[in-house]
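Subject: Structure handover: pockets and one annotated site

Hi,

Here is the structure for you to open. Please keep it on screen while you read my notes below.

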Amino acid sequence: MKLKQRVVLLALLLVIFIFTKVFLIDNLDTSAANREDQRAFHRMMASLHIELDPRLDHTLQSPWEIAAQWVVPREVYPEETPELGAVMHAMTTKKIVKADVGYKGTQLKALLILEGGQKVVFKPKRYARDYIVEGEPYAGYDRHNAEVAAFHLDRILGFRRAPLVVGRFVNLRTEIKPVATEQLLGTFMTVGNNTCFYGKCYYCRETEPACADGDIMEGSVTLWLPDVWPLQKHRHPWGRTYREGKLARWEYDESYCDAVKKTSPYDSGPRLLDIIDTAIFDYLIGNADRHHYESFQDDEGASMLILLDNAKSFGNPALDERSILAPLYQCCIIRVSTWNRLNYLKNGVLKSALKTAMLHDPISPVLSDPHLDALDQRLLGILATVKQCTDQFGPDVVLVEDRMTLSHL
């Protein structure tokens, strides 16, 4: 063999060796990442059951201090939270020291201050569990039980981007009215034998109050995020127009995602993948009302999309609003960790996990069986959508490793 041929052969062997090594390393890294995703799933499943227990034996901190320390740019609470039951117990039992009208918005709520100075948002019960909200997917009043269910789904999906929520019964006559501001107190009334209030909000009407059963009102309380983490509001790129006959661009432009990828903060970093995670989350709960979203202020796109205000969910178990998934099927990308988690939740695991997670909430049963069944059905729709993407573009394009630096240009 001539010297020139030997050199070419050696160079070819070297190239093959390098590519083989890179391929093996990549596969080992992917396998390690997948194994960690599986371990994280098993840890989540092992911690599903939450006892609302007041004991905090290992610390002198208050439950509010503990919850405030959990918050970081990419999660509201950590993966392992042995104190979660104590924090949620405090949310549902601590004395209410002040009650006021809720912050600005379209729906009825009250802002409560609990003993120790912790703010929570109280959303009252408006519907029975088996009531079906007809009409548009964003129709109807807020559903307090939807906030509870959405929080636990956030845990199950491993996102950890939703503020803590727990059910609570309050006595409007003895717990709220004595500590209510004049503005809130002025919206109280009696309807039959029931104490009611209608609050202050865009759609709040004296003719449409929320009424207790006698004096006892069922609702949800959402833990206010620490003031050291101010929020910034953003228009959702896949938001609806809410105008009859007027479509948003994403509803008619098949290349819309390409335009989104060229605008900040979706041109790099985790925000676009957060949008797609949120679309999956919202599709599962039936929430077509995320016209805006919040992140932490001045984050330059690095912090998470916070899963706030999930109460326009679980309205109609028979309605699967596919348009909620538009970010997924138009962009055709999804985090590997999200994809893995969804696959672990197949075959009835999702329904069972959520039912277990909510079992000991004070307002249990939180959801009716048709809503739980709908979750498993919608999960199949998400998996089928991702498969369509991988069939068209290949898994290497669609399944994005969320540990890598992203650039969508």
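The largest pocket holds about 1300 Å³ of space. A pocket is an open set of points on a 1 Å grid over the protein atoms alone, where a 1.4 Å probe fits, with protein on both sides within 12 Å along at least five of seven lines. Its volume is the space filled by probe spheres set on the points, which are joined across faces, edges and corners.

Some ground rules. This is a predicted model, where local features need pLDDT of at least 70, side-chain atom pairs count only at pLDDT 80 or more, and totals for chains, interfaces and linings use all residues. Residues are numbered from 1 along each chain as its sequence is written, and side-chain values use heavy atoms, with hydrogens and water left out.

**Largest pocket**

The lining has 43 residues. Lining residues have an atom within 4 Å of a point. Lys104, Gly105, Lys233, His291 and Asp309 lie nearest the centre. Four strands, β3 (118-124), β8 (216-223), β9 (231-235) and β10 (292-296), each supply at least two lining residues. Strands are DSSP runs of E, at least two residues; helices are runs of H or I, at least four; both are numbered from the N terminus. β9 gives the most, with four residues. Domain 1 (45-54 + 62-223) and domain 2 (227-400) each give at least three. Those bounds come from an automatic or database domain assignment.

**Second largest pocket**

This one holds about 810 Å³ and is lined by 34 residues. Nearest its centre are Ala40, Glu79, Gly158, Arg160 and Arg341. Helices α1 (3-46), α3 (84-93), α4 (144-157) and α10 (336-344) each give two or more residues to the lining. α1 gives the most, with six. Where does the second largest pocket lie relative to domain 1 and domain 2? Both domains give residues to its lining, so the pocket lies between them.

**Annotated site**

The unreviewed UniProt entry marks Asp289 as "active site". Such annotations may be inferred rather than shown by experiment, and positions use the numbering used here. Asp289 sits in the loop between α8 (271-285) and β10. Is Asp289 buried or exposed? Asp289 is buried because its relative accessible area is 18%, and buried means under 20% (1.4 Å probe, protein chains only). Asp289 touches Tyr138, Tyr242 and Lys312, leaving aside residues up to four places away in sequence. Contact means heavy atoms within 4.5 Å.

Best wishes

Terms used. Buried means under 20% relative accessible area, exposed over 50%, partly exposed in between (1.4 Å probe, protein chains only).
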